[in-house]
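Subject: Model handover, with notes

Hi,

Here is the structure I promised to pass on.

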Amino acid sequence: MTAHQNGTISSEISDFLLNCFARSPSWKFWLSLPLSLLFLLAMGANSVLLITIRLEASLHEPLYYLLSLLSLLDIIVCLTVIPKVLAVFWFDLKSISFYACFLQMYIMNCFLSMESCTFMVMAYDRYVAICHPLRYPSIITDQFVAKAAVFILARNGILTVPIPILSSRLHYCRTNVIENCLCANMSVSRLSCDDVTINRLYQFVVGWTLLGSDLILIFVSYTFILRAVLRLKAEGAVTKALSTCGSHFILILFFSTILLVFVLTLVVKKKVSPDVPVLLNILHHVIFSALNPIVYGVRTQEIKQGIQRLLKKVW
């Protein structure tokens, strides 16, 4: 590859340059410390949660297995995205290889939809626990969790594969400078000389099909849960039932809200700085990962007790 100083290239490229917050360079300085702290918090909290669920026999239940899967997804996403962003911030290491860029693109798209699908399965778990409590042990079994995990991995792993493949097959001949901190599909494909209509259409259809169907099923599950809870007449039953779903609902709400804000900023991009969607995309990958284990750890008594017992053993 021959690259000129202005970013234009004369032949096929072998790497990209991540031009992070070019319009707002001061953001790098102000973001670097909180981003690194959030990254350490996300990695530490999710690791503690995984170890606690692994070592505590009382937590060897379907809901906690699903929570382990969610934590594992959070760790992989954080490791895929944040270290590279911090390397750009701190050391100006903007270069990312052609294949590393498309691998990052695949993991971001695939694991985002996997997290959404995991929430959907967890919503079904809570629906059965509250609406059909007597049948819960026979429906939500270890075999159910294993099948659900295979479904989550297969559905999202397969359907998101074409996203990086379609982008990698484009002819890049203009510039290798990505106006983003991440290898987002649209940020990369717009550098191509080819028509990217199929890329945009596939990203749109798959994104809304996967995330949209999950959110609809989650909404339906919680509608049935709320209706069942309001029918409970035993003293304290409503509070107990809602507390079992509280952590889950908070995280789903946050997950959905930040995605909605991100989409809205893309829709009205002419009225906001192009750096805002980039910032929201980065924060979504780390804030949610840090929030997930903390919310469950604080609000779920069994996990809180398990962490306390684990800390006692360590010290």
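This is a predicted model: local features need pLDDT of at least 70, side-chain atom pairs count only at pLDDT 80 or more; totals for chains, interfaces and linings use all residues.

Residues are numbered from 1 along each chain as its sequence is written, and side-chain values use heavy atoms, with hydrogens and water left out.

**Annotated spans.** The unreviewed UniProt entry puts "transmembrane region" at residues 29-51, 63-90, 96-123, 144-166, 205-230, 242-266 and 278-298. Positions are in the numbering used here, the feature name is shortened, and such annotations may be inferred rather than shown by experiment. I looked at two of these spans in the model. Residues 96-123 come out as 93% helix and 7% strand, with the end C-alpha atoms 38 Å apart. For residues 144-166 the figures are 91% helix, 0% strand and 34 Å. Helices (H or I, at least four residues) and strands (E, at least two) are DSSP runs, numbered from the N terminus.

**Helix 5.** (The expected span is 1.5 Å times one less than the number of residues.) Its buried residues are Val145, Ala148, Ile152, Arg155, Asn156 and Gly157. Buried means under 20% relative accessible area, exposed over 50%, and partly exposed in between, with a 1.4 Å probe and protein chains only. The cover over those residues includes helix 2 (62-91), helix 3 (98-131) and helix 8 (197-231).

**Salt bridges.** Side chains of opposite charge can pair when their charged atoms come close. The rule here is a side-chain nitrogen of Lys or Arg within 4 Å of a carboxyl oxygen of Asp or Glu, and it gives five salt bridges. Three of interest:

- Aspartate 275 pairs with arginine 23, closest N and O atoms 3.9 Å apart. The aspartate is in helix 10 (residues 275-299) and the arginine in the loop between strand 1 (15-18) and helix 1 (26-55), so the bridge ties together parts 252 residues apart in sequence. Aspartate 275 is buried at 3%, whereas arginine 23 is exposed at 51%.
- Glutamate 56 pairs with arginine 309 at 3.0 Å. Here the loop between helix 1 and helix 2 is tied to helix 11 (residues 301-314), parts 253 residues apart in sequence. Glutamate 56 is buried at 8%; arginine 309 is partly exposed at 35%.
- Aspartate 125 pairs with arginine 126 at 2.6 Å. The aspartate is buried at 0%, and arginine 126 is buried too, at 9%.

**Glutamate 115.** What does this residue touch? Leaving out residues up to four places away in sequence, glutamate 115 touches Leu70, Leu73, Asp74, Phe255 and Phe288 (contact means heavy atoms within 4.5 Å). Glutamate 115 sits in helix 3 and is buried, at 5% relative accessibility.

**Surface patch.** Leu201, Phe204, Val205, Trp208 and Val263 make a nonpolar patch with about 500 Å² of accessible area together. Helix 8 gives the most to the patch, with four residues. Leucine 201, in helix 8, is exposed at 53%. Patch residues have over 30% relative accessible area and no salt bridge, with nonpolar side chains (Val, Leu, Ile, Met, Phe, Trp, Tyr) joined within 5 Å and like charges within 9 Å. Areas come from the Shrake-Rupley method with a 1.4 Å probe, and for residues only the protein chains shown count as cover.

Cheers
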